[in-house]
Amino acid sequence: MPDTIQHDSPWKEALDRFLRPFLELAFPEVACRICWTVDPIALEQEFREIAPDAELGPLRADKLVKVRLLDGTDQWLLIHIEVQMHYDPDLPRRLFDYCCRIHSRFRCPVFPLAVLGDTRPTWRPDRYTGGFADHGLTLRFAVCKLSDFEGRLDEPVHRDNQAIIVIAAHLGTRRHHRDPERLSDCRLELTRKLHSLGHTTEDLRSLMLLIDWLMPLPSEHKVSFRKKLEELKKEKPMPHITLYEEFAREEGREAATLETLQESIAEVLATRFGEVPGEIRERIGSLVDKQRLRELHRRAILVPKLEEF
């Protein structure tokens with residue numbers, strides 16, 4: 001658990017939980033070369049060393065990960081996600097800087113992957129080039145445009161891929177962010193679809209929280225959304241919605257005590273991973289900022305391993 005809790009991006013959490021399905025969906029030519037019987041290793045500390053000023057938040061996310069390839073060699077992947085509604089012409093240079101720093105600091109080649117969530121269909125940068133006259137250098141990187149999945153979300157080939165739900169939530173928010181009523185309906189329909197796909201309990205919990213994070217509703221629309229959710233539950237039993245509702249109520253309850261929030265985090269970790277080390281419990285108990293505790297609660301539900309909490 002980091003000493004300072006930051007406003008993580010939902011995309012960062014999605015990559016932590018669903019790295020393989022995301023790569024299989026967005027970069028199949030990369031995913032098919034990875035030996036998935038060997039767990040990928042997140043290189044969070046290494047990335048912080050080379051990019052301490054990297055922007056955090058809901059509009060940008062970076063993940064540096066080491067994977068084992070089918071030929072037995074290791075490969076570092078830098079996955080960079082830009083999800084703001086406008087394009088960033090500085091993206092190629094920033095990726096180039098990151099790759100140069102990684103190679104200089106760790107002497108490891110890195111392959112960059114860029115995920116673009118903007119609304120400009122023709123903006124598809126795939127390289128950085130610098131130099132003079134006939135001399136220079138070029139960095140090429142793979143690109144996935146999230147808008148390319150518009151109209152493809154219901155294709156049978158994507159049915160069992162958890163990452164398609166995350167992309168659908170992003171695209172729904174992009175379409176309806178100026179119309180909360182339609183955004184609410186879109187979120188409800190995505191929730192209905194999610195519960196028809198047969199995902200595991202753990203995946204359902206994570207995906208419901210990611211939907212909640214990626215498709216935020218104004219306060220005045222949350223009550224009506226929950227009423228619609230209750231009606232939906234009458235039509236089709238959704239036992240896992242209970243956790244989602246409890247989380248939403250807890251997050252919005254300003255009067256919640258620090259002890260309640262701290263105990264809730266420890267309980268989630270114990271339910272998912274068994275015995276929680278005393279050191280982690282002590283650090284949770286030392287936090288007094290409610291917002292940080294709520295972020296930790298969300299992370300406790302989403303993080304794939306206790307070691308990464």
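Predicted model: local features only at pLDDT ≥ 70, side-chain atom pairs only at ≥ 80, totals over all residues.
Arginine 107 sits in the loop between α4 and β4 (110-116). Its relative accessibility is 62%, so arginine 107 counts as exposed, the cut-off being over 50%. Now check the backbone: phi of arginine 107 is near 55°, a positive value in a residue that is not glycine. As background, most residues other than glycine have a negative phi.

**The whole chain**

Zoom out and colour by secondary structure. The protein has 12 helices and 7 strands. Of its 309 residues, 50% are buried. Among contacts with a separation of 6 or more, 70% are between residues 24 or more positions apart.

**Aromatic pairs**

Next, show the aromatic side chains. The count comes to 4 aromatic pairs. Two of the pairs are visited here.

Select phenylalanine 47 and tyrosine 98. Are phenylalanine 47 and tyrosine 98 buried or exposed? Both are buried.

Now move to tryptophan 76 and phenylalanine 106. This aromatic pair is tilted, with 5.4 Å from centre to centre and 50° between the planes. It also links distant parts of the chain: tryptophan 76 is in strand β3 (residues 74-82), phenylalanine 106 is in helix α4, and 30 residues separate them. Tryptophan 76 has a relative accessibility of 9%; the cut-off for buried is under 20%, so tryptophan 76 counts as buried.

**Aspartate 74**

Stay on strand β3 and select aspartate 74, which is found there. Its relative accessible area is 40%, which makes aspartate 74 partly exposed. Which residues does aspartate 74 contact, leaving aside neighbours within four places in sequence? They are Lys66, Val67 and Arg68. Then draw a distance from the C-alpha atom of aspartate 74 to that of isoleucine 34: the two are 40 residues apart along the chain and separated by 9.3 Å.

**Threonine 37**

Select threonine 37, in the loop between α2 (28-31) and β1 (41-42). With a relative accessible area of 73%, threonine 37 is exposed. From threonine 37 to leucine 70 the C-alpha distance is 9.8 Å, and the two residues are 33 apart in sequence.

**Helices α1 and α7**

Show helix α1 (residues 10-26) and helix α7 (residues 201-214). Their axes come within 10 Å and cross at roughly 165°. Angles over 145 degrees count as roughly antiparallel, and α1 and α7 are therefore roughly antiparallel to each other. The crossing of α1 past α7 is left-handed. On the α1 side, the contact is made by Pro10, Trp11, Glu13, Ala14, Arg17 and Phe18. On the α7 side, the residues include Glu202, Asp203, Leu210 and Trp213.

Arginine 298 lies over the face of tryptophan 213, at 4.2 Å from the ring centre.

**Helices α5 and α6**

Show helix α5 (residues 163-176) with helix α6 (residues 180-194). How close do the axes come, and at what angle do they cross? The axes come within 9 Å and cross at roughly 165°. These two helices are therefore roughly antiparallel to each other. In this case α5 passes α6 in a right-handed crossing. Residues of α5 in the contact include Ile165, Ala168, Ala169 and Gly172, and those of α6 include Pro180, Leu183, Cys186 and Leu190.

**Leucine 217**

The last stop is leucine 217, in the loop between α7 and α8 (219-235). Is leucine 217 buried or exposed? At 8% relative accessibility, leucine 217 counts as buried. Not counting residues up to four places away in sequence, leucine 217 touches Pro180, Leu183, Ser184, Arg187, Lys222 and Phe225. Leucine 217 and arginine 187 are 30 residues apart in sequence, with 9.5 Å between their C-alpha atoms. Finally, turn to arginine 187 and phenylalanine 225: arginine 187 lies over the face of the phenylalanine 225 ring, at 4.5 Å from the ring centre.

Conventions:
Residues numbered from 1 in each chain as written. Heavy atoms only, no water. Phe/Tyr/Trp six-rings, centres within 6.5 Å; stacked < 30°, edge-to-face > 60°. Buried < 20%, exposed > 50% of the residue type's maximum accessible area, 1.4 Å probe, protein only. Helix = DSSP H or I, 4+ residues; strand = E, 2+ residues; numbered from the N terminus. Lys NZ or Arg CZ within 6 Å of the ring centre and 35° of its normal. Axes fitted to C-alpha atoms, helices over the stretch in contact; angles between N-to-C directions. Parallel < 35°, antiparallel > 145°, perpendicular 65-115°, else oblique. Left-handed = near helix turned anticlockwise from the far one by under 90°. Contact = heavy atoms within 4.5 Å.
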